[in-house]
Amino acid sequence: QVQLVESGGGLVQAGGSLRLSCAASGRSFSRYYMGWFRQAPGKEREFLAAITASADYTYHANSVKGRFTISRDNAKNSVYLQMNNLKPEDTGVYYCAAQNAGSLKYDYWGQGTQVTVSS
């Protein structure tokens, strides 16, 4: 099992940048496929980006491609989301999630961190 804690959210002006971090506790972090999601007020949770266990592949949703970048540091049990050129529609609660090898879903979720982008 793994526990996830997000940090780095806050209030930023449109065009600004933020770097979210997700710290994992528990064993075998390097075996997990990791993802970032967000949920805007009144909307469903949206997939943003994912990274394989060894960081050899990354995937980004079209809505954030070219602006957001997912990365991880297995030595620090952490995954990151660098967000550039933020827009007001990026406002929401951002979650990291972990997927066990062979699982068809994300098995563990953090509590989320709020990101607010002002216009």
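A residue is called buried when its relative accessible area is under 20%. In this predicted model, Gln 99 has a relative accessible area of 12% and is therefore buried.

Gln 99 belongs to strand β9, which covers residues 92–99. When residues up to four places away in sequence are left aside, Gln 99 touches Tyr 32, Tyr 33, Leu 104, Lys 105, Tyr 106 and Asp 107.

Two of these neighbours, Tyr 33 and Tyr 106, also belong to an aromatic cluster, together with Phe 37, Phe 47 and Trp 109. The structure contains six aromatic pairs. One of them joins Phe 37 and Tyr 106 in an edge-to-face arrangement, with 5.0 Å from centre to centre and 85° between the planes. This pair connects distant parts of the chain, as its two members are 69 residues apart. Phe 37 lies in strand β4 (residues 33–39), whereas Tyr 106 lies in the loop between β9 and β10 (108–109). Both Phe 37 and Tyr 106 are buried.

Aromatic rings also take part in contacts with charged side chains. Arg 19 is placed over the face of Tyr 80, at 4.0 Å from the ring centre. In a second case, the charged end of Arg 72 is found over the ring of Phe 29, at 4.6 Å from the centre of that ring.

Note on methods: Residues numbered from 1 in each chain as written. Predicted model: local features only at pLDDT ≥ 70, side-chain atom pairs only at ≥ 80, totals over all residues. Heavy atoms only, no water. Helix = DSSP H or I, 4+ residues; strand = E, 2+ residues; numbered from the N terminus. Buried < 20%, exposed > 50% of the residue type's maximum accessible area, 1.4 Å probe, protein only. Contact = heavy atoms within 4.5 Å. Phe/Tyr/Trp six-rings, centres within 6.5 Å; stacked < 30°, edge-to-face > 60°. Lys NZ or Arg CZ within 6 Å of the ring centre and 35° of its normal.
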